[in-house]
Amino acid sequence: MNTTDGFDLGPVLAWLTANEERVARQLSWITQLADDYSNVVGMENVQIRPSEITKVLSLFQGPAQERSVLRNIVGKPPTWFAVGTTSDRPIPTEDRLKAMCPTAIVPGYTDIVSWTPEKKVSDIWLYRIPEVPDRIATFMLVHALIHEYSHTILNPLWFCGKEPYVIDVPGCTEYTGEAFMMMFAHEAAKHDPISHYAAAYRPFPDDPSDKQFIRNVGEELCESVAAYFMGFIYCNDPVRCWAPFAGRPIVKLLVEHFLRGVHKTD
Ligand SMILES: [Zn+2]
């Protein structure tokens, strides 16, 4: 696979469309009654409701929510990956004519512009999905929101400055953020990418001090969390699409540790 193929969501859209009813059953929990998520800005035109956002975020347990540095969820207009995008330099554009292809759609992004050492906050941007039926767009945005929320948990774990960031997995073990990501990279690299999108970030650099290391491994982790909660994810193996962790129990266990770990502050 050409490594930029992962930026073209065309195969994902085609798969979601072909499996629309089964995906809808699998994600039926998002339509259950919930209060509206309140920290939203300009989401009117994005195809996911504030109550659905609440349901998605409620998947994450207390420790993961406490570690997340999410501030606001911000709605954005349709955006594409532009010609020239690579895994180390994704180029967004609102001009469809500059897109790598019409389905090289950007569904979500985690913005760290407001992040300072004193005030670690990130906003999640969710984009209107263009030229797609609303229900399919919502499926994509559920995936994108789980993925981006995982970034808001991952960011402090890795970019913690001089203080080691330690998570304690109750009754099990504890890790520094760095040790956790190294172990996750080591285990994930034994397998094919968890998803079509994650394939754009393989192979992982061998050297963790390479700034590309955390981007590549982080994308695999965020996609793995999405697969974990949705119970499916589009990938290169039609059977594994519906059983994303088949044959990779240790990767699944590490995803659970990532979600259950309590930030140790003493
Ligand atoms: Zn990501």
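The buried residues of helix 1 pack against helix 2 (20-26) and helix 5; here, contact means that the C-beta atoms of two residues, placed from the backbone, lie within 7 Å. This is a predicted model, where local features need pLDDT of at least 70 and side-chain atom pairs count only at pLDDT 80 or more, while totals for chains, interfaces and linings use all residues. Residues are numbered from 1 along each chain as its sequence is written. Helices (H or I, at least four residues) and strands (E, at least two) are DSSP runs, numbered from the N terminus.

- Helix 1 covers residues 10-18, and V12, L13 and L16 are buried in it (20 or more other C-beta atoms lie within 10 Å of the residue's own; 12 or fewer counts as exposed, and in between is partly exposed).
- As background, an α-helix has 3.6 residues a turn, so residues three or four places apart point the same way.

- Picture an open sheet of 4 strands in the order 1-2-6-5, with mixed pairing (two strands pair if DSSP finds at least two bridges between them).
- Strand 1 (40-41) and strand 5 (108-111) are the edge strands, each pairing on one side only.
- Strand 1 pairs with strand 2 (residues 70-76) in the parallel sense over 2 bridges, and V40 has I73 of strand 2 as its bridge partner.
- Strand 2 also pairs with strand 6 in the parallel sense, over 5 bridges; G75 has L126 of strand 6 as its bridge partner.

**Helices that pack**

- Helix 5 (residues 134-158) lies across strand 2, strand 5 and strand 6 (122-127), running at about 165° to strand 6 (axes are lines fitted to C-alpha atoms, for helices over the stretch in contact, and angles run from 0 to 180 degrees between N-to-C directions).
- Helix 7 (residues 211-230) and helix 8 (residues 249-260) pack at about 95°, with their axes 10 Å apart.
- That makes helix 7 and helix 8 roughly perpendicular to each other (65 to 115 degrees; under 35 is roughly parallel, over 145 roughly antiparallel and the rest oblique).
- Their contact uses L221, S224, V225 and Y228 of helix 7 and V251, K252, V255 and F258 of helix 8.
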